[in-house]
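Work through the exercises below with the model open. Try each task before reading its solution.

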Amino acid sequence: MADQTPIQLYDTLTRAKRRFEPIDPDNVRLYVCGPTVYDYAHIGNARPVIVFDVLFRLLRHVYGADHVTYVRNITDVEDKINARALRDHPDLPLNEAIRAVTEKTADRFRADALALGCLPPTHEPRATEHIEGMIAMIGTLIDRGHAYVATGEEGAGVLFDVGSMPDYGMLSKRDLDEQQAGARVAVAAHKRNPADFVLWKQSGPDEPGWDADFGGTAIHGRPGWHIECSVMSAHHLGERFDIHGGGIDLVFPHHENEIAQSRCAHGTEVMANYWMHNGFLQVEGQKMSKSLGNFVTVHDLLETEKFGGRKWPGEVLRLAMLMTHYREPIDFSVRRLEEADNLLTRLWRRAVHAEDAGSAADVENALADDLNTVDAIHALSNLSGRPLRSALDFLGLPAAAPLGDIDPKSVQATIDSRLAFIREKNWVEADRIRDELLEKGIQLKDGKDPHTGERVTTWEVKR
Ligand code: AMP
Ligand code: ZN
């Protein structure tokens, strides 16, 4: 760590690039808002996944792989999920239908993230596993005078009282008085302030619901979106942690409201010390939308020929994403992918064959400067051989190791030990082994023996 350039990060809250100082260097804590699992991730959703994976790798490098905790949640309760469950599984009981949608989508999301070269986060909590914690936090907010029970047109619910928090709006720089004066929409009669937002809402028969009691008012209902991240981040990372990330669209209302809930429930001045937001992605110069026909999922790019008439390896998608600084908007296009593909082919050739030249530290230093992946990629062009291989590993774009370096016997022994962990349902160890092999350029494929039905794992060297 001694000769490591200090990490500088741009913080949305203070609108400044600041030197990163963790609260506890032995446990650096990062939370990133994950997907709402009602549909496959589109290429825009992949941007925060890749960007914060680069940050995770950088932090692991500087503080040690065992000293960084990365939490990325899965939102598995949301009205779009209900709608999808009712549409796709009309014959199943509601809860089963919802589970079918969320399991399938979450599995696909994990597979996409892996194909994009992202390490699994330390924890991947699901909102539905934390309902009790949400009910408890809402109770605390009511007790402390920051939330109230109200009945609107859609039934009873609990709302956060933004007027109870003098500095509400700091992240998005919204002033409540200005908002009120400028508000043209009629304030829903049950709200004290037009900006008050939902913490808990009553559920009807076609909606998932949990029993809850708020100061004597029983409301069978479901949580609002924002409360889940306040609860899951506190559960895994504590009341105050280092970095909170997500796409720029989440600044308001989602992150603003997370801050309000967490600070008011815990009585803290700060929820996270650094707030990081990736810029938005457009496709071929336009906002992605189903009606424009430019809506591309990661799955489409990896496995179909819908975009540019061919499949695109995850590494190409990843490099194409990192060719622009994370805070800038990206125009995702076939041309960009072709450029990334050509560059990657050149780099991988030089990494495997050529003489050693240059130092991977140049790449690391560029990343330490607010994840300047543009400079980092530029620095790659001065490297070859081992330093280039280690720089590519660092960026999550490992060059296929020359076959001569791989001992098939030892790979098989490692796979066998992983299978033993799988039999014990020790997924953490099993995943760790899979990722370690992947870092060496060895990709595992899990399958079943067609005759015995037993699990078999094969491997190949990534190109
Ligand atoms: P969602 O599932 O809509 O909550 O989005 C998951 C993550 O993807 C959030 O961090 C969003 O900010 C991010 N995101 C969604 N659309 C885009 C886009 N077009 N470009 C970049 N990030 C996006
Ligand atoms: Zn969130």
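This is a predicted model: local features need pLDDT of at least 70, side-chain atom pairs count only at pLDDT 80 or more; totals for chains, interfaces and linings use all residues.

Residues are numbered from 1 along each chain as its sequence is written, chains are lettered from A and ligands numbered from 1 in the order in which they are written, and side-chain values use heavy atoms, with hydrogens and water left out.

**Exercise 1. Describe the interface between domain 1 and domain 2.**

Step 1: Domain 1 spans 10-278, domain 2 spans 281-398 and domain 3 spans 408-461. These bounds come from an automatic or database domain assignment. The C-alpha centres of domain 1 and domain 2 are 29 Å apart.

Step 2: list the residues in contact (heavy atoms within 4.5 Å). Domain 1 supplies 27 residues and domain 2 supplies 36 residues.

Step 3: compute the area. The size of an interface is often given as the accessible area lost when the parts come together. Here, about 2700 Å² is buried, and carbon and sulfur atoms give 68% of that. Buried area is the accessible area (1.4 Å probe) that two parts lose on being put together, summed over both. On the domain 1 side, Ile43, Arg47 and Val54 lose the most area to domain 2, together 27% of what that side buries.

Step 4: count the polar links. There are three salt bridges between domain 1 and domain 2; the term means a side-chain nitrogen of Lys or Arg within 4 Å of a carboxyl oxygen of Asp or Glu. Twelve residue pairs between these domains are in polar contact, both at pLDDT 80 or more. Such a contact is a pair of N or O atoms within 3.5 Å; within protein, one must be able to donate a hydrogen and the other to accept it, and residues adjacent in sequence count only if both atoms are side-chain atoms.

Step 5: assign elements. Helices (H or I, at least four residues) and strands (E, at least two) are DSSP runs, numbered from the N terminus. α1 (43-63), α3 (94-115) and β12 (272-278) each give two or more residues to the side of domain 1 that touches domain 2. α1 gives the largest share, twelve residues.

**Exercise 2. Which parts of the chain does the salt bridge between Asp39 and Arg84 link?**

Step 1: check the distance. The side chains of Asp39 and Arg84 meet at 3.4 Å, N to O.

Step 2: Asp39 sits in the loop between β3 (28-32) and α1, and Arg84 in helix α2 (residues 79-88), 45 residues apart.

Step 3: classify accessibility. Buried means under 20% relative accessible area, exposed over 50%, partly exposed in between (1.4 Å probe, protein chains only). Asp39 counts as partly exposed because its value is 24%. Arg84 counts as buried because its value is 17%.

**Exercise 3. Where do Glu436 and Arg432 lie?**

Step 1: both are in helix α15 (residues 427-439), four residues apart, about one turn of the helix.

Step 2: Glu436 is partly exposed at 41% relative accessibility. Arg432 is partly exposed at 37%.

**Exercise 4. Is Thr217 buried or partly exposed?**

Step 1: locate Thr217 in strand β9 (residues 217-218).

Step 2: read its relative accessibility. Thr217 has 30%, so it counts as partly exposed.

Step 3: find its contacts. Leaving aside neighbours within four places in sequence, Thr217 touches Val149 and Ala212.
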